Amino acid sequence: MAREGKVYVFDHPLIQHKVSLMRKTSTTVKEFRELATEVAMLMGFEATRDLALEDVEIETPMCTTQVKMLKGEDIAIVPILRAGLGFVDGMLALVPNAKVGHVGLYRDPETHKPVEYYCKLPVDIEKRECFVVDPMLATGGSAIAAIDFIKKRGATNIKFMCLIAAPEGIEALHTAHPDVDIYIAAKDECLNENAYILPGLGDAGDRLYGTK
């Protein structure tokens, strides 16, 4: 039987403070990017807490000893384009040997369903712990589709990380992929009539890249 995924909403004061700064309309593009990297790094500490360790013998200046080290950095970070790129540097600061894949989606104007236009993953994705990253989890459609595509290419050990999530998106993603752990920096109130998260922070991609 497949393992049941969990939903983690962070209450760390530093994460709450930095997310609050990102919500402010007065936060500049430079500041927003820096904060996204910092929050991703802080979240990454928790999201990677179950990485496997092994005993390794090393030499210290004093003696030979057994220490704990990562059994292998078999990790893949997969941002959903384009806004997910804002999380990559923070994760790589923690696990610099991780491989990075990319998934690009757009919404079909007639069916309103996500369509894959780009997907490039490490060739050994099936062997890696995969962190799918995207700042916003609104309806959950993009996250669900991205994880569908990644699973079709062989990945089985997947976690999803986002900055802000609506309850509707959390429920949809957890229902579609109950085996995936979900890590959230802030759980917001709801979606409005246009499926934007309230209170939210606007369009994360525009705020990361100054395109609005």
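Helices and strands here are DSSP runs numbered from the N terminus: a helix is H or I over at least four residues, and a strand is E over at least two. With that in hand, you can find Arg107 in strand S6, which covers residues 102-107. Before we walk on, note that this is a predicted model, where local features need pLDDT of at least 70, side-chain atom pairs count only at pLDDT 80 or more, and totals for chains, interfaces and linings use all residues. Residues are numbered from 1 along each chain as its sequence is written, and side-chain values use heavy atoms, with hydrogens and water left out.

How covered up is Arg107, buried or exposed or in between? It counts as partly exposed, because its relative accessibility is 43%; the scale calls a residue buried under 20% relative accessible area, exposed over 50%, and partly exposed in between, using a 1.4 Å probe and protein chains only.

Arg107 also turns up in a record. UniProt, in an unreviewed entry, places the feature "binding site" at Arg82, Arg107, Asp134, Pro135, Met136, Leu137, Ala138, Thr139, Gly140, Gly141, Ser142 and Asp203. The lining of the largest pocket includes these residues, among them Arg82, Arg107, Met136 and Asp203. UniProt positions follow the numbering used here, feature names are shortened, and annotations may be inferred rather than shown by experiment. As for the pocket, picture a 1 Å grid over the protein atoms alone: a pocket is an open set of points with protein on both sides within 12 Å along at least five of seven lines, a cavity is a set where a 1.4 Å probe fits but cannot get out, and lining residues have an atom within 4 Å of a point.

Let's stop at Met136, which sits in strand S9 (residues 136-137). Met136 counts as buried because its relative accessible area is 19%. Leaving aside residues up to four places away in sequence, Met136 touches Ile164, Ile197, Leu201, Gly202 and Ala204, where contact means heavy atoms within 4.5 Å.

Now for the charged pairs. Side chains of opposite charge can pair when their charged atoms come close. A salt bridge is a side-chain nitrogen of Lys or Arg within 4 Å of a carboxyl oxygen of Asp or Glu, and by this rule the count comes to 11 salt bridges.

Arg82 is partly exposed, as its relative accessible area is 35%, while Asp206 is buried at 18%.

Another bridge brings together Arg23 and Asp188 (2.7 Å, N to O). Here too distant parts of the chain are linked, with Arg23 in helix H1 (residues 13-23) and Asp188 in the loop between strand S11 (181-187) and strand S12 (190-191), 165 residues apart. Arg23 is partly exposed at 24% relative accessibility, whereas Asp188 is buried at 8% relative accessible area.

Arg49 and Glu46 also meet in a salt bridge (2.7 Å, N to O). Arg49 is exposed, with a relative accessible area of 61%, and Glu46 is partly exposed at 24% relative accessibility. Elsewhere, Asp50, Glu129 and Lys159 are linked in a network of salt bridges.
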